[in-house]
Amino acid sequence: MSSPVVRRALLLSLICAGALGFLPCSHGAAVAPGYVTVSAARFRPSSTCSSLDPVAQRRRNGTSAVLRLTHKHGPCAPSRASSLATPSVADTLRADQRRAEYILRRVSGRGTPQLWDSKAEAATATVPANWGFNIGTLNYVVTVSLGTPGVAQTLEVDTGSDLSWVQCTPCAAPACYSQKDPLFDPAQSSSYAAVPCGGPVCGGLGIYASSCSAAQCGYVVSYGDGSKTTGVYSSDTLTLSPNDAVRGFFFGCGHAQSGFTGNDGLLGLGREEASLVEQTAGTYGGVFSYCLPTRPSTTGYLTLGGPSGAAPPGFSTTQLLSSPNAATYYVVMLTGISVGGQQLSVPSSVFAGGTVVDTGTVITRLPPTAYAALRSAFRSGMASYGYPSAPATGILDTCYNFSGYGTVTLPNVALTFSGGATVTLGADGILSFGCLAFAPSGSDGGMAILGNVQQRSFEVRIDGTSVGFKPSSC
C-alpha cells in the first residue's frame, strides 16, 4: 500500500490535471520524498540580468584574476555580443548530436583524429563563464585580452578541445565570419611572434599541423560538426586579469574559418600540450574549475589554479581516467543512477566504458539500457502528477506541457560515480525546454557523455588525478 504522502500527491495531481473538474494548480503542498517542487517561471527565459556575480565573491576569497564575463545571447551579454542571432532549438540539437556522435566515435577509436580535435599550493586565476545559448554546443564564453596592447577577445570555452584560436587580420569575408570585437591584428602587437617551421613547438602540433608558408608554422583544426579554422600558429601575451598574464601563449591566428558565427574564437581546456591548462601548468599547477550558470540571466566562472591534491571541502570527488584513443577528454566512471530516491537496476557493465565530462555537449548521453531505465522511472514519477505530455523535440523524447502551472514537481535525479561521488541534479539539470535532458547513445558498455545541462550550478574541479563536483556554486 502506498504511503499517505504519495496518496495525497496522487489525489492532488488528479485535481490539478483536471480529472475532477478543476484548473491546473500548485503541487507544493504534497511533495513525496525524493521529489522537488520548483517555480515554473525558472524554465522561462528572463530579460533581466540578475547575476550576483560569483566571481567577485571568489576574488574576496583569495582568487587572483577576475574578469567580468558575459552570456552570449542572454540579458547579461555585452553590447558587442547582444545582437548575435540565437539559433533555433532544432538546429542546436542537431549540432549537439553531431558533436556527441563524433566524441563517441573518437573515444572508440573509429573517429578521424584531425576532425576534432602537483604542486602543494599553486597560484590562482579566475575568469567567469556565461551561457552562450539556452541550448546548443559550446554554450559558454569568457572574455580575455590578447597582445600588447591587449585586444579584448570573447572566446568559447571547450574542455573537449586543446588548441585555442582567434580570427586574425588580414582576413576578409568570406574567409572570416563577422564578429563583434575587432579582429586581432598581429602587426599591432609588440609581443606577437609567428611560430617558425622546423622547431619543437611546430613539430609538437601533431594532428593540428598544417603546411608551412613563408617559414611560418601552419595549423588546422576541423571539428565534428564540419566547422574549420586554419592559419598561422603563433605566440603572444594572453591576459586573464590585470594581475594575471600568460606570456608566450601559443594559439592559432586564424586566417580562414568556416562554420562559425559571432564569437572571436575558442579557448581550449583539454588535456593535451596545446591547451591553456597544460601551457599554464607551471603557474597554476594544472588545476582548473568552472561553474556553468543555470540560466542565461545569471553568470558563472572559470578558475585556473588552486590547491593541488585533495579537493577543498564541499566537493564530491571521483577518479580521473584516460581515454586511450582520445587523450584530450576528461573521463570519469559513472556507476549508477537514482530517480525519486530509488536506485535504478542497471548492471555495472553498462557503464564500463566510462563517461566524458564535456562542456560543449549539451544533453547527457547514456548507454541505451541506462537511458531506458531512467526514462521509465522518470515517466512513472511524473505520471503521478498528471502533467500533459508534449511532442518530442529532436533527440529529446520525454517532454511535458507545463502551461498553466505555477509550480512543477519533479522526481530527483542523482548520478553516482566511482568512489561514491554523488551528483544530485537541480531542476535545471533535469529538464531543458520541458523535456528530460538525457538521450541514448552508443552501446551498453560504451562511453557516455556528461553534458553541460547536468553540470549547471556545480563547481566542477579538475586536476591531474580527480574530478570534483560542488553543488550550488553559481
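The chain has eight helices and 30 strands. The model is predicted. Of its 474 residues, 54% are buried. The accessible surface comes to about 18100 Å², and carbon and sulfur atoms account for 55% of that area.

Most peptide bonds are trans.

- Pro-149 sits in the loop that runs between strand E3 (141-146) and strand E4 (151-158).
- Pro-174 belongs to the loop between strand E5 (165-167) and strand E6 (193-194).

Most residues other than glycine have a negative phi.

- The loop between strand E7 (209-213) and strand E8 (216-222) holds Ala-215.
- Ala-215 has a relative accessible area of 58%, so it is exposed, the cut-off being over 50%.
- Ser-457 lies in the loop between helix H8 (452-455) and strand E29 (459-462).
- Ser-457 counts as buried because its relative accessibility is 15%, and the cut-off is under 20%.

**Aromatic pairs**

- The structure contains 14 aromatic pairs.
- One of them joins Tyr-35 and Tyr-385, with 5.7 Å centre to centre and 50 degrees between the planes, a tilted arrangement.
- Tyr-385 is buried, at 1% relative accessibility.
- Phe-378 and Tyr-400 form an edge-to-face pair: the centres are 6.3 Å apart and the planes are at 65 degrees.
- This pair connects distant parts of the chain, with Phe-378 in helix H7 (residues 368-383) and Tyr-400 in strand E21 (residues 399-400), 22 residues apart.
- Both Phe-378 and Tyr-400 are buried.

**Aromatic cluster**

- Ring pairs join Tyr-35, Phe-378, Tyr-385, Tyr-387, Tyr-400, Phe-402 and Tyr-405 into a cluster.
- Among the cluster members are Tyr-35 and Tyr-385, which form the tilted pair.
- Phe-378 and Tyr-400 also belong to the cluster, and they make the edge-to-face pair.

Definitions and conventions:
Residues numbered from 1 in each chain as written. Predicted model: local features only at pLDDT ≥ 70, side-chain atom pairs only at ≥ 80, totals over all residues. Heavy atoms only, no water. Helix = DSSP H or I, 4+ residues; strand = E, 2+ residues; numbered from the N terminus. Buried < 20%, exposed > 50% of the residue type's maximum accessible area, 1.4 Å probe, protein only. Areas by Shrake-Rupley, 256 points an atom, 1.4 Å probe, with all protein chains shown as cover. Phe/Tyr/Trp six-rings, centres within 6.5 Å; stacked < 30°, edge-to-face > 60°.
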